[in-house]
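Q: I would like to learn how to read helix packing and strand pairing. Please take the features one at a time.

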Amino acid sequence: NLLLIHQLAIIVSVIQPVASFSINVPFITTTTARKMTANSGILNRVTPDKVALEIKDPVDPKALEQATAIIDELKQANGKVNKDKLLEVGKRLGDVPADATGFTVTKEECKAAFDGLSDQERTALVNIHQRVKAFAEMQRQSVTDMEMDIPGGKAGHTVSPCKAAGCYAPGGRYPLPSSVIMTAVTARAAGCETVVLASPKPAPITLAAGYIAGADYFLCVGGAQAIAAMAYGIDGHDMPSCNVICGPGNKWVTAAKSIVSGYCGIDMLAGPSEVLVICDETANAKVVAADLIAQAEHDVVARAILLSTSAALIEEIDQQVKSQVDALPEPNRSTAGEALKQSFAVQCDSIDHCVSISDDIAPEHLEIQTKDAMKVGERCANYGGLFVGEHAAEVLGDYGAGPNHTLPTGGTGRHTGGLSVFNFLRIRTWMRVDDATASQGMVDDSITMARLEGLEGHARAAETRSHKKAKTAP
């Protein structure tokens, strides 16, 4: 997702999203969609009234059935995952080689992968790590313990991290070391004592990211089996079960997260990645097109949306999209081409109109490329991450400008935000009464309210603290 920047590009079939934004008329093929407005480019054209929100279940039913079967196969009577079964499933689903004798990677192997990087690769990884860490630590410092006076005493809250965090990074065609950093570094900045990473068939750069992120355990399994191992723990293994599991993944990861949610915390149920660009006539068509394509190449079900006040600019951007997609290598060209079949452009009457449509969609990534871009961005209410101005490329957010790239998709930005240290923190409240006499008004109110709710036991518990009741007692 990603809430999230990347979806597994190896998925050829369409997965079930959290929610998808569709043209409110049928369109099976690009040609069918273009019958609405003729154009010679690649982006579908729709009018504002045809953009509708179609809420769907975030979990694919078939994937849920399969994930449930995998988890049932793995779990023992004691509730933990059987380590032999985990290895067996990992081999069967291609997470580890057929001759593998284990499903973990050691810290020494991760360090060796880091040391084996070129100077340029190592420098980039270190720089990205430092920026993400600095931003996450700033977030952590923004919320602190506090207390206030209450009648007769004090009340407050404490902020503390969960003990163990599970971080998932997709494997497959594209290694995603950036997801390792975004999840594990954020958990560590929150103060989690133990950080567990899981990624199937990890590439050397993914192992290197695990090293610099300070992962305590690295599981080289993926899908539902990885989520189960992190949620329930592995019998006979010293890795603890995780209190929170985060990170993007395919439909089986999403399904498994829905199963374990409640037993442990999860960040979100993510769907296909998306970008929406609001631009006026001042925007650079080449730059906008490049940003649309950058999102489209994530996955065949990714979506790129263009909202503009300028018909001429839409045409220019569309031609740029076509020429730039054609110039991509494979498999990027084919992946982006498929994603663009369900992407679209809308000409709006005004920038305010663009903002209104964007707020209805609540995109994962929202780019503003207009005059007074910051003022326009400040008028936008719903999005996962905001990228203001031509030079604030969404890909810079993908690769560690600081804010997290794990963002809400499918319209969920209307009620939640992206991954942050807050996903790993517990805000727990407390109260104490030092002066029983000063607290009597609060006691009286509690007695009254308890009886209004019909909870006589509550009322009598409060009355045991009442000075009035004590005076009238026989």
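Q: At what angle do the axes of helix α2 and helix α8 cross?
A: An axis is a line fitted to C-alpha atoms, for helices over the stretch in contact, and angles run from 0 to 180 degrees between N-to-C directions. Here the axes of α2 (residues 61-74) and α8 (residues 223-232) cross at roughly 50° and come within 9 Å. Angles under 35 degrees count as roughly parallel, over 145 as roughly antiparallel, 65 to 115 as roughly perpendicular and the rest as oblique. α2 and α8 are therefore oblique to each other. Contact means heavy atoms within 4.5 Å; α2 contributes Ala 67, Ile 70, Ile 71 and Leu 74, and α8 contributes Ala 224, Gln 225, Ala 228 and Tyr 232.

Q: What kind of model is this, and how are residues numbered?
A: This is a predicted model, where local features need pLDDT of at least 70, side-chain atom pairs count only at pLDDT 80 or more, and totals for chains, interfaces and linings use all residues. Residues are numbered from 1 along each chain as its sequence is written, and side-chain values use heavy atoms, with hydrogens and water left out.

Q: How are α8 and helix α9 arranged?
A: Helices (H or I, at least four residues) and strands (E, at least two) are DSSP runs, numbered from the N terminus. The axes of α8 and α9 (residues 251-260) are 7 Å apart, at an angle of about 30°. That makes the two helices, α8 and α9, roughly parallel. Among the contact residues are Ile 227 of α8 and Trp 252 of α9.

Q: Is strand β8 mostly covered or uncovered?
A: Buried means under 20% relative accessible area, exposed over 50%, partly exposed in between (1.4 Å probe, protein chains only). In β8 (residues 194-198), five of five residues are buried. In a regular strand the side chains alternate between the two faces of the sheet. Thr 194, Val 196 and Ala 198 point one way from β8, and Val 195 and Leu 197 the other way.

Q: Which strands pair with β8?
A: Two strands pair if DSSP finds at least two bridges between them. β7 (residues 164-168) is parallel to β8 over five bridges, with Ala 165 opposite Val 195. β9 (residues 217-219) also runs parallel to β8, joined by three bridges, and Phe 218 is the bridge partner of Leu 197.
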